[in-house]
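Student: I have a model open and some questions about it. Can we go through them one by one?

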Amino acid sequence: DRIYAFEPSRANQRLFRKLMEDNQVPAGRVILVDKGLAARPGMTTFSENTAGTALDGAGSCRVELVSLDEFVQNNRISAVGFIKADVEGMGLELLKGAVETIRRDKPILSLSIYHNREEFLGTYELLHSLNLPYRYEVVSHCLPWQNSELVLMAFPRLPAGT
């Protein structure tokens, strides 16, 4: 129905808008949100970098943080079917702020887990602790000789007979 794309970097926002325009994506189909996703609302700073922005408290660009649960509730989003996140090491923080949405809607998840040890180990651990009916796979979105771009895919298990 609608896609919400979270991008705190102004440079990446410009690239995103141009990409949507170049590909003639209808206005309103993809909504760009100029916030970062985290476990709880707040503010942080980062360094502007089109190669990958880490909301790590370093740098001079300020950005508002919002939890996905809060965003879904405040925008009256009735159902979330898919969450794809590559948030430069903030994946576990994003996940902590999306627990209620994941519990409620059981969306398909595509979560990058390669930025740091906490994200790599903690993402599956947190999801598993929720005891939800998911099937998990780790996939690599890179060439076989590279060791990056690892993604944890989580697929909700459908009830028998559906």
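This is a predicted model: local features need pLDDT of at least 70, side-chain atom pairs count only at pLDDT 80 or more; totals for chains, interfaces and linings use all residues.

Student: Is Ser 112 buried or exposed?

Tutor: Ser 112 sits in strand β7, residues 108-112. Strands are DSSP runs of E, at least two residues, and helices are runs of H or I, at least four, numbered from the N terminus. Buried means under 20% relative accessible area, exposed over 50%, partly exposed in between (1.4 Å probe, protein chains only). Ser 112 has 6% relative accessibility, so it counts as buried.

Student: Which residues is Ser 112 in contact with, leaving aside neighbours within four places in sequence?

Tutor: Contact means heavy atoms within 4.5 Å. With those neighbours set aside, the partners of Ser 112 are Ala 85, Asp 86, Glu 119, Leu 150 and Val 151.

Student: What volume does the largest pocket have?

Tutor: A pocket is an open set of points on a 1 Å grid over the protein atoms alone, where a 1.4 Å probe fits, with protein on both sides within 12 Å along at least five of seven lines. Points are joined across faces, edges and corners, and the volume is the space filled by probe spheres set on them. For the largest pocket this gives about 1,200 Å³.

Student: Which residues of its lining are closest to the centre of the largest pocket?

Tutor: Lining residues have an atom within 4 Å of a point. Elements giving two or more of them include β1 (3-6) and β6 (82-85). Of the 38 lining residues, the closest to the centre are Ile 3, Tyr 4, Ala 5, Phe 6 and Lys 84.

Student: Is Arg 76 buried or exposed?

Tutor: Arg 76 lies in the loop between α2 and β6. Its phi is near 50 degrees, a positive value in a residue other than glycine. Most residues other than glycine have a negative phi. At 76% relative accessibility, Arg 76 counts as exposed.

Methods:
Residues are numbered from 1 along each chain as its sequence is written. Side-chain values use heavy atoms; hydrogens and water are left out.
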